[in-house]
Amino acid sequence: MSVDSSLAAGSAGSAGSAGGWRRRSENALVGWLLLAGLAIVGTAMLALAATRGAAAWPAWLFVVLSLAAVGAHGAWVLRFFRRLERRLPAEEERFERLDASLGATCLQLGSGDLVRAVAASRGLPARVASAFAASAEALSRLAQQIQDSSVEVASAADAVNRIASELAAGSAEQAASVVEITAAMEELARTASQIAASASRQAELATLAEESGDSGAAAVDEAVAGVEEVKKRISAIASRADALGTRSKEIYRVLDLITEIAQETHILSLNAAIEAVAAGPDGRRFSVVADEVRRLAQRSQDSVESVRNLLDEFAGSIRATIVATEEGSKEAVQVLERSRAAAAAIADLRHASGDTARVARQISLATQQQNAASDEVVMTLREVSLVVQRMTGGLKDLSATADRLNALALEIQLLAQSFHLDSARSLKHLVETWAARADAAAPAVRQQLLEELVRETQFADLAYWVDERGYMTALAVNPATIGARPALELAQLQDVDMRRRPWFRSAERERRTGITAPYQSILTGEHCFTVCACLERPDGAFGGVLAVDVNVTGWTRI
Amino acid sequence: MPASPPLNSPPAAPAEPPGRVEATHLLVRAGEYVCALPLGAVRQVLRSLPLHPLPGSAPELRGLAEFAGDPLPVLDLARLARAPQGANPTFPVTVVAWAGPPGARELVGLAADAALDVAYLPPAGIVPAAPGAAGTNPDGGLVAGDAWVGGQVVRVMNLEQLGQGS
Amino acid sequence: MSEGFLVLRRGGATWAVARPAVQGLARRGAGFEVQLAAGVLSADEVLGVTADLRWLPAGGVLRRFWPEAAHGLGLHDALPVVLIDPLAPPRSLLAVPGAPRKGDPEHGD
């Protein structure tokens, strides 16, 4: 067991030296134990031999040899541990260096700064540094995968949200349609009820009409009989009127004869007067007679005229009576025909009423069935409406879940971004790079540089340089993300003290690049988070902060 | 002894003055006029005689008839009196009268619509017919004048002018 | 006029002409034609020849209202008859143009 001289080359990080020392120590310990065991065995054998009276010289030989072995081994062990003692300070120094490196590495690793952690791990043994670098690389890849996954989760959440919104819109439309259909069905049900009521009334009315038809038919039959009787009587009257007319014609003929006689008498009287005049004085008395005859003829004529007038009136009345009876007879015939037609119509009406009543009852029954079906449909639609409402609620929950998922993805992204990776997708790395470039640039061009850097991104809203006093000295606005909002001017913010801002205080305190939790920006009014890189002066003093605001709606473009 | 007049009859006619006979006229209806014919010139009043038109005659000559075994020219009194056409007569008559100047009288028939009465037309009551243009008589002298009888105007005919040329 | 008168009808009136004045009588279609010295008369009907016809001279009234020349008026079987002047027969009695003239073989005597 010798102390391996490779302890002096421990800085090379030989993985076998530690193991070698351990083996040697173990061997030494094992050797001591074997020798101790041998000594004990020898002693035991010696004791046994003494007790049994056997020769003790083997035992004594064994004991001596054992003791010699123990002594030799002891000398070796002593040499081993002296050499070990000589190497111990160097190892202690190396250990301290390793401890410091490891501490720094772990500190950076603990703060998520893998870049600095890898840099710090270079002070560790090669294998350790290599292993750490590999681990950091793996962790970086994991972080990036987490970022990618968070972006995918956010995209999926957005997609879910979009789908949920579309489904919610569709559900809303469906709900509205269901409401409309329900209202229409209820209206249909009301209409069906009204139709059923009307049909019932129609059936009742048709039944009444049927009964009325029976009464009407009987009445029509009586009317027909009455009209026929009237027709007979009118015929009788007409016959009598005809007879009277014939008699009046005879009377007219008599009157004509009398008139003619009166005319002849009149002429005779005139001729008598003529003869009387021709007779001269002797014809005077004859002239008187002629005058009398003439007057008689005139009176006859007047009487005939009177009688004729009376007869004309009588004949007029007879004619009127005949005309009236003829018209009455025609009217009676028409009434008879109309009565028969009415009887036929009533019979048809009765049949129609019967059919109407039957149909009305069928309609009533059908509408009642329709009513029941409508009620079932309304019930079903209400259930559908409830389902739609539940689905809408579910979609709202889904949307809320998607929002939470989105928020969770942002948290995960921020969590992943909490690692400082050597990647363009690492916000800390990006902002520290910007800070280094801007710090290296002259203050006069810092503004322009920041504007160029901001416009190159699709997710940064603002980038602003705040000095150690907390005052903004440069402000870059990304027109692509800020859009049509009122432009922010540096002049408006130069006098605003940022020292109390959480991100400023965190950067000033921890002297490392940090990412805030999402908050509402007082500059833009939007929800954003800020990546702020701490600036250090050459003397190590705090030199200010470069802050970059990232809108929470655009973080997936990182 | 003359027969007593019947009851309700007018009193017996007084003694006729010598001119009353000539003033007595037969009233007949011709168209819408009432014409007066001197009763002394009237031979007889008959029911309208059957007429036989004479081709080529004037419209006033309605035709020829037979009266008492003699031919009788029958004139249309309404045309002679220039009377407007009246209603269809119910009892037309033919008045057979002496026409023409006193020395050349002939019997003619005058077709009238009705024989009305015998009336006394004093000459003073007859308004002579007004002469036409250039002094001629538009009626050919057949209308002696107009008289007022029983509330209506009567055309008094002059039969003496009948046989003379127009 | 002892030889009588030919009585005929034409235009609804009855006419008579002295028999000696008649030169010929012929049937023409449905009627007759009477040949006179002054012309040919057309008759619808010939009633016959009457030996005796009582007639009166035409008066002023007839002359006034019938411009044709006539000897007088008479009666034949209660029908008024106009006795025409054979030398100046009424135009209404004259036959239509184209009637056969004297010497026509259709004339009978």
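A:Asp312 belongs to helix H5 of chain A, which spans residues 284–417; helices are DSSP runs of H or I with at least four residues, strands are runs of E with at least two, and both are numbered from the N terminus. The model is predicted, so local features need pLDDT of at least 70 and side-chain atom pairs pLDDT 80 or more, while totals for chains, interfaces and linings use all residues. Residues are numbered from 1 along each chain, chains are lettered from A and ligands numbered from 1 in the order written, and side-chain values use heavy atoms, without hydrogens and water.

Two residues may be set side by side. Buried means under 20% relative accessible area, exposed over 50%, and partly exposed in between (1.4 Å probe, protein chains only).

B:Thr24 has contacts (heavy atoms within 4.5 Å) with B:Leu37, B:Pro38, B:Leu39, B:Gly40, B:Val118, B:Ala119 and B:Tyr120, leaving aside residues up to four places away in sequence.

Chain B as a whole contains two helices and 11 strands, and their order along the sequence is α-β-β-β-β-β-α-β-β-β-β-β-β. Of the 166 residues in chain B, 43% are buried. Among the contacts in chain B with a separation of 6 or more, 54% join residues 24 or more positions apart.
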